[in-house]
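Please look over the sequence and the model before reading on.

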Amino acid sequence: MKKTLFDPVQLGQLQLPNRIVMAPLTRNRAPNAIPTPLMAEYYAQRASAGLIISEGTAITHQGQGYADVPGLYGTEQLDAWRQVTKAVHARGGRIFCQLWHVGRVSHVSLQPGGGQPVAPSAVTAKTKTFLMPEGFVAVSEPRALDAEEIPGIVRDFRHAARNAISAGFDGVEVHGANGYLVDQFLRSSSNRRTDDYGGSIENRARFLLEIMREVCEEVGRERTGLRLSPVTPANDIVDDNPQKLFDYVVRQLAPLGLCYLHLIEGATGGPREVEGRPFDYDAMLRAWREAGAKGAWMVNNGYDRPLAEQALSQGADLVAFGMKYIANPDLVERLRTNAAFNEVRKEKLYGGGAEGYTDYPALAR
Ligand code: 8OZ
C-alpha cells in the first residue's frame, strides 16, 4: 500500500499517529541552560507531530556552544525538562531529546572555567557561534582531546541519555550531524589524530559507534536514534570520501538496531544539492538495509508535501520538517488540508521570548 504522511507508524514501542516529525531546532531561549515554561508551551503547541525531536541539548557544560541553549546535566535542568515533556504528553504528543556536544564549535566564554573548547584535533573551525548580547562571533581555538578523556565523553552521552528518560522523554537522538563533536571525529578535515580515533575510516567512526552502543545499552535500542548529515558544509566540515565513510558507518550501526536514522540531505537549512559534494542517499539506505537494519529512515531538508510523498514512495519512513515547524504549530493539519503556511520571522529565530516563538497562529477552526 502507498505510504502517506498521515499513516500511523510504529517507532520502537511508540505508535506515531503520522509520519511527520518536528526536527530539532536551536532557539536559544533557555537562560542558564534551564528550560522555561514558555518552551513547554512551544513544544505542546506542536504535539500533533508524529514525533517531536527537541532542540540540541548539551550533555555537559563542556558540550555547550551557544548562548542560552538548554542542558541535561543538572537537577534544575531535568526538573524543567520534566515540565516540557509533561506538557507534550498532556496534549497527546511524543518527544525525543537531542543529545548534543558541540566540540570545537564553542567559545571560551561558554566553557567551564573559561577553558578552550575541545575537539579531536586542534583545528579551528571557520564558523561562528551565537553569544548574548554580542550576537554572532568567531568560535575559539580548540584543544585536542587527550585519548584518556574520550571514554569520559562517551560516558557523558550515556549519562545524558539516562537523564533524558528520567526527565520524561520518550527516547533520544544523538546529534552526529552538522559539524559538531561526533561529526568532527568522523571527518578527515577536522580529525587529524594518529591514535585509535583518527586516520582510517574505522578509527574515525570509533567514537560515534562507542557512543551509540553505550546509549542503546542504557536506554534501549527502541528509544535510540541518530542524526547524520553526510555532505553538509555546516561548521566548516568536509570529508575526503563521505560515501565510503557513511557506507561503513551504517553497516556498523545496523546490528545495534536503532529505532531510526535521521538524514539531513544536502546543506543544513539550505540547498539539497551541495556543489562539489555529490552523495547517493539511496545507496546509503540500501547499505543499512542490506546489513539488516529495521529502523525507520527519516529524511529532512526543505521538504514540502509532494517531495515528502515522493521520498516515502522511495523508502523513507518519516519526514522531518524544521523551518516549517517553527512557523506552523499545526503543521500536520496544514499539510493534510494543503493549507497555506505561515512565513517564518527569521529575525526571531535565536533568542528572545514569545515573539516569533509561541505566537504563530494555528488555522482557525
Ligand atoms: C542553528 C544554530 C545553532 C545550532 C545544528 C544545533 O546545526 C544546530 C544549530 C543550528 O544542528
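This is a predicted model: local features need pLDDT of at least 70, side-chain atom pairs count only at pLDDT 80 or more; totals for chains, interfaces and linings use all residues.

The buried residues of H3 are Ile150, Ile153, Val154, Phe157, Arg158, Ala160, Ala161, Asn163 and Ala164.

An α-helix has 3.6 residues a turn, so residues three or four places apart point the same way. Ile150, Ile153, Val154 and Phe157 are among the buried residues of H3.

## Length and end of H3

Helix H3 covers residues 150–166, which makes 17 residues. From its first C-alpha to its last it reaches 25 Å, close to the 24 Å expected at 1.5 Å a residue. Just after H3 comes Gly168, with a positive phi of about 95°.

## The ligand site

Thr26, Tyr66, Trp100, His175, Asn178, Tyr180 and Tyr350 surround the ligand. A polar side-chain atom of His175 is 2.7 Å from a ligand oxygen atom. For Asn178, an N or O atom of the side chain lies 2.7 Å from an oxygen atom of the ligand. On its own the ligand has 300 Å² of accessible area, and the protein covers 79% of this.

## The annotated domain

An unreviewed UniProt entry places the feature "domain: NADH:flavin oxidoreductase/NADH oxidase N-terminal" at residues 5–338. Over residues 5–338 the chain is 32% helix and 18% strand. The end C-alpha atoms of this stretch are 12 Å apart.

Terms used: Residues are numbered from 1 along each chain as its sequence is written. Side-chain values use heavy atoms; hydrogens and water are left out. Helices (H or I, at least four residues) and strands (E, at least two) are DSSP runs, numbered from the N terminus. The expected span of a helix is 1.5 Å times one less than its number of residues. Buried means under 20% relative accessible area, exposed over 50%, partly exposed in between (1.4 Å probe, protein chains only). A residue is near a molecule or strand if one of its heavy atoms lies within 4 Å of it. A polar contact is a pair of N or O atoms within 3.5 Å; within protein, one must be able to donate a hydrogen and the other to accept it, and residues adjacent in sequence count only if both atoms are side-chain atoms. Accessible areas come from the Shrake-Rupley method with a 1.4 Å probe; for residues, only the protein chains shown count as cover. UniProt positions are given in the numbering used here, feature names are shortened, and annotations may be inferred rather than shown by experiment.
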